[in-house]
Amino acid sequence: MSGASKDHLVAADPSVPVDRIPLYEVYMRMAEELAKRSTCVRLQVGTVVTDQRLENVLAIGYNGNARGLPNKCDSAVPGNCGCIHSEMNALVKAPGNVRDKVVFVSASPCVMCAKLIINSGVTHVFYRKAYRDPSGVEVLQQGGVVPVLYDRWMNAWRNGA
């Protein structure tokens, strides 16, 4: 069993005791921190792409305008803000020759990002919160990518917790 698959069992099974923060949670928190750099006024999203063994961060991204353009949305209309989605920003930087990538994203992907994820050699997408339209998760499943709503340790290992 691969490193990611084995660790996923530990990460997903509440009966397995965990004595330190799992890498899955570390990468998810990285995605949440990256989201804070987003200039989108409606929904700030961050993404981290790793290799299957969770040993290397391959790319990061957050939603916003294209490099060199103003750091603001083109429109306040939902779905038409003009921002490049965080998954797109991350996957365009990730090495294409690496297969079996794992994606951590602060909100589940839209349909177009789900299709890009499928074509990018991603096996699992861990997301913290569901996007308003669940169609992206359905597309991931149809394309053979495992979507995981990942909120088990959202409040653990935090200062004061």
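**Buried charges, a strand serine and a hairpin**

Arg29 counts as buried, at 13% relative accessibility. Buried means under 20% relative accessible area, exposed means over 50%, and partly exposed lies in between, with a 1.4 Å probe and protein chains only. This is a predicted model, in which local features need pLDDT of at least 70 and side-chain atom pairs count only at pLDDT 80 or more, while totals for chains, interfaces and linings use all residues. Residues are numbered from 1 along each chain as its sequence is written, and side-chain values use heavy atoms, with hydrogens and water left out.

**Overall layout**

- The protein chain has 5 helices and 5 strands. These are DSSP runs numbered from the N terminus: helices are H or I with at least four residues, strands are E with at least two.
- Along the sequence, the elements run α-α-β-β-α-β-α-β-α-β.
- The protein chain has 161 residues, and 42% of them count as buried.
- Among contacts with a separation of 6 or more, 56% join residues 24 or more positions apart. A contact means heavy atoms within 4.5 Å.
- The chain exposes about 8800 Å² of accessible surface, 52% of it from carbon and sulfur atoms. Accessible areas come from the Shrake-Rupley method with a 1.4 Å probe; for residues, only the protein chains shown count as cover.

**Salt bridges**

- The whole structure holds 5 salt bridges. Each needs a side-chain nitrogen of Lys or Arg within 4 Å of a carboxyl oxygen of Asp or Glu.
- Glu25 and Arg29 form one of them, at 2.8 Å from N to O. Both sit in helix α2, 4 residues apart, about one turn of the helix.
- Glu25 counts as buried because its relative accessibility is 0%.
- A network of salt bridges links Glu25, Arg29, Glu32 and Arg128.
- Glu33 bridges to Lys36, with the closest N and O atoms 2.8 Å apart. Glu33 is partly exposed at 46% relative accessibility, whereas Lys36 is exposed at 57%.
- Glu55 pairs with Arg53, where the closest N and O atoms are 3.3 Å apart. Both of these residues are exposed.

- Ser106 belongs to strand β3, residues 101-107.
- Ser106 has a relative accessibility of 9%, so it counts as buried.
- Its side chain reaches the backbone nitrogen of Gly46 at 3.0 Å. That is a polar contact: a pair of N or O atoms within 3.5 Å; within protein, one must be able to donate a hydrogen and the other to accept it, and residues adjacent in sequence count only if both atoms are side-chain atoms.
- Beyond its neighbours within four places in sequence, Ser106 touches residues including Glu32, Gly46 and Arg128. Glu32 and Arg128 also belong to the salt-bridge network.

- Strands β1 (residues 46-50) and β2 (residues 57-62) pair antiparallel over 5 bridges. Pairing requires at least two DSSP bridges between the strands.
- Val49 stands opposite Ala59 in β2.
- The hairpin has 6 residues between its strands, and Leu54 takes a positive phi near 60 degrees.

- Met30 comes from helix α2, residues 23-35. Met30 is partly exposed, with a relative accessible area of 30%.
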